[in-house]
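This report goes through selected side-chain interactions and their surroundings. The sequence and structure come first.

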Amino acid sequence: MKNALLIAATAAALSLAFPAVAADRTTEKVQAALALAYRTEADTRRDANRAPLQALQFMGLRDDMKVFEFGPGAGWYTKILAPVLKDEGELIIGYKKEWIDELADLLAEPELSAVRRVNLDMDWDSELYAFSFNSMDFDAEGLDMFLNIREYHNLHGGDRMAFNRAVFEALKPGGRYVVVDHSRRHMQPDGPENVRREDPVKVLVEVQSAGFDLLDYSDMFYRLDDSLEYEVGRRTVAGNTDRFFFVFTKPE
C-alpha cells in the first residue's frame with residue numbers, strides 16, 4: 001500500500017513538473033528564434049509592440065505542438081514559430097497559393113524547411129475588401145493550436161461562421177484558437193476608417209457560437225492613445241493600434 005501511494009505521489013509530482021519544464025524549454029527556443037539572423041531590422045523593430053515572447057507564453061505555446069498559422073503575411077510569426085516547432089512539433093501555414101509562393105525564399109531557410117504549406121481555395125474580394133473562400137478546408141486535423149492573428153477582420157458574412165467551424169473541426173479537443181485583431185468600437189457601422197478593425201464583442205459571440213469556450217483574454221495590446229477613430233495604417237496609430245487578444249478552446 002505504501003509503495004502504491006509513493007508511486008501515485010511521484011506520478012502526480014512529475015505531471016505537475018512537466019508543463020513547467022516544457023514551458024521553460026519553449027521559452028528558451030523562442031528567445032533563440034528571436035535572435036536568428038534571417039529576422040530583418042523591420043522584424044525586430046516590431047518586437048516591442050508585438051511582444052512575441054509574452055504573447056506566445058500567453059497563448060500557451062509548447063515546442064511539441066501541432067500549430068496552424070492562418071495568413072502568415074510576410075512571415076513575421078512564421079520566422080519565430082518554425083524553429084521553435086521544427087524538432088518536436090509541427091508548423092503548418094495556410095493561405096492562397098500565390099501568396100504563400102511569395103515566401104519561397106524564406107521557407108528555403110534551414111530553420112523553416114519543415115514548415116508544411118496548405119494552399120487554401122481562397123481569393124480577395126476587392127469590392128467587399130475581404131477574403132472570399134470557395135471551400136473551407138485546412139487540410140489538417142488534431143491541431144493543438146490555430147492562430148488567426150490580425151486576419152479576422154478580413155472574414156465576411158457567412159464565411160465567418162464557416163471559418164470558425166472549420167477551425168473547430170481541425171482542432172483536437174482541448175485545442176486552442178487564438179484571435180488577435182485591431183479593435184473597433186462596439187456596434188460601430190462599417191466605414192473607410194475601420195475596415196481593418198474588428199468589434200471584439202462580435203468576435204466573442206461568433207466564435208463561441210461555433211462551439212468554442214473562451215479560455216482567457218489579455219490586455220497586453222491595449223493602447224490608451226489609440227482613439228479607435230482612424231484606419232490602422234495612418235501615421236497617428238500605425239504600429240501602435242489597440243488590439244484585443246482572445247484564446248478560445250475546443251471543449252474536451
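## Helix 9

At the start of helix 9, a side-chain oxygen of D199 comes to within 2.9 Å of the backbone nitrogen of V201. The model is a predicted one, and the distances given here are computed from it. After the helix comes G211, which has a positive phi, near 115°.

The buried residues in helix 9 are P200, V203, E206 and V207. Viewed down the axis of helix 9, the buried residues fall within an arc of 125°, so they line one face of the helix. An α-helix has 3.6 residues a turn, so residues three or four places apart point the same way. The cover over the buried residues of helix 9 includes helix 8, strand 7 and strand 9.

The structure holds 19 salt bridges. In one of them, D226 and R197 meet through their side chains, at 3.0 Å from N to O. D226 is in the loop between strand 8 and strand 9, while R197 is in the loop between strand 7 and helix 9; the pair links distant parts of the chain, 29 residues apart. D226 has a relative accessible area of 5% and is buried. R197 also counts as buried, at 1% relative accessibility.

Another salt bridge joins E193 and R234, with the closest N and O atoms 2.6 Å apart. E193 belongs to the loop between strand 7 (171-182) and helix 9 (200-209) and R234 to the loop between strand 8 and strand 9, so this pair ties together parts that are 41 residues apart in sequence. Are these two residues buried or partly exposed? E193 counts as partly exposed, because its relative accessibility is 25%. R234 is likewise partly exposed, at 42% relative accessibility.

## R39 and its surroundings

R39 is located in the loop between helix 1 (2-34) and helix 2 (41-45). With a relative accessible area of 6%, R39 is buried. Its side chain forms a salt bridge with that of D47, at 2.7 Å from N to O, and D47 is buried as well. The side chain of R39 also reaches the backbone oxygen of L34, at 3.2 Å.

Not counting residues up to four places away in sequence, R39 touches A33, L34, T44, D47, W76, K79 and I80. W76 takes part in a further interaction: the charged end of R50 sits over the ring of W76, 4.9 Å from its centre. Elsewhere, R25, K29 and D63 are linked in a network of salt bridges.

## Aromatic pairs

A search of the whole structure finds 24 aromatic pairs. One of them, between F146 and F163, is edge-to-face, with 5.8 Å from centre to centre and 85° between the planes. F146 is in strand 6 (residues 143-149) and F163 in helix 8 (residues 158-170), and the pair links distant parts of the chain, 17 residues apart. Both F146 and F163 are buried.

What arrangement do the rings of F221 and F245 adopt? Their centres are 5.5 Å apart and their planes are at 15°, so the pair is stacked. F221 lies in the loop between strand 8 (213-218) and strand 9 (243-249) and F245 in strand 9, so the pair ties together parts that are 24 residues apart in sequence. F221 and F245 are both buried. In a contact of another kind, K250 lies over the face of F168, at 4.8 Å from the ring centre.

## R176 in strand 7

R176 is found in strand 7. It is partly exposed, with a relative accessible area of 25%. A polar atom of the R176 side chain lies 2.8 Å from the backbone oxygen of M59.

Leaving aside neighbours within four places in sequence, the contacts of R176 include F58, M59 and G60, as well as D144, M145 and F146. L171, L215, V247, F248 and T249 are also in contact with R176. R176 and E141 are 35 residues apart in sequence and 13 Å apart in space, C-alpha to C-alpha.

Terms used
Residues are numbered from 1 along each chain as its sequence is written. This is a predicted model: local features need pLDDT of at least 70, side-chain atom pairs count only at pLDDT 80 or more; totals for chains, interfaces and linings use all residues. Side-chain values use heavy atoms; hydrogens and water are left out. Rings of Phe, Tyr and Trp (its six-membered ring) pair if their centres lie within 6.5 Å; planes under 30 degrees apart count as stacked, over 60 as edge-to-face and the rest as tilted. Helices (H or I, at least four residues) and strands (E, at least two) are DSSP runs, numbered from the N terminus. Buried means under 20% relative accessible area, exposed over 50%, partly exposed in between (1.4 Å probe, protein chains only). A charge sits over a ring if NZ of Lys or CZ of Arg is within 6 Å of the ring centre and within 35 degrees of the ring normal. A polar contact is a pair of N or O atoms within 3.5 Å; within protein, one must be able to donate a hydrogen and the other to accept it, and residues adjacent in sequence count only if both atoms are side-chain atoms. Contact means heavy atoms within 4.5 Å. A salt bridge is a side-chain nitrogen of Lys or Arg within 4 Å of a carboxyl oxygen of Asp or Glu. The arc is that of the directions from the helix axis to the C-beta atoms.
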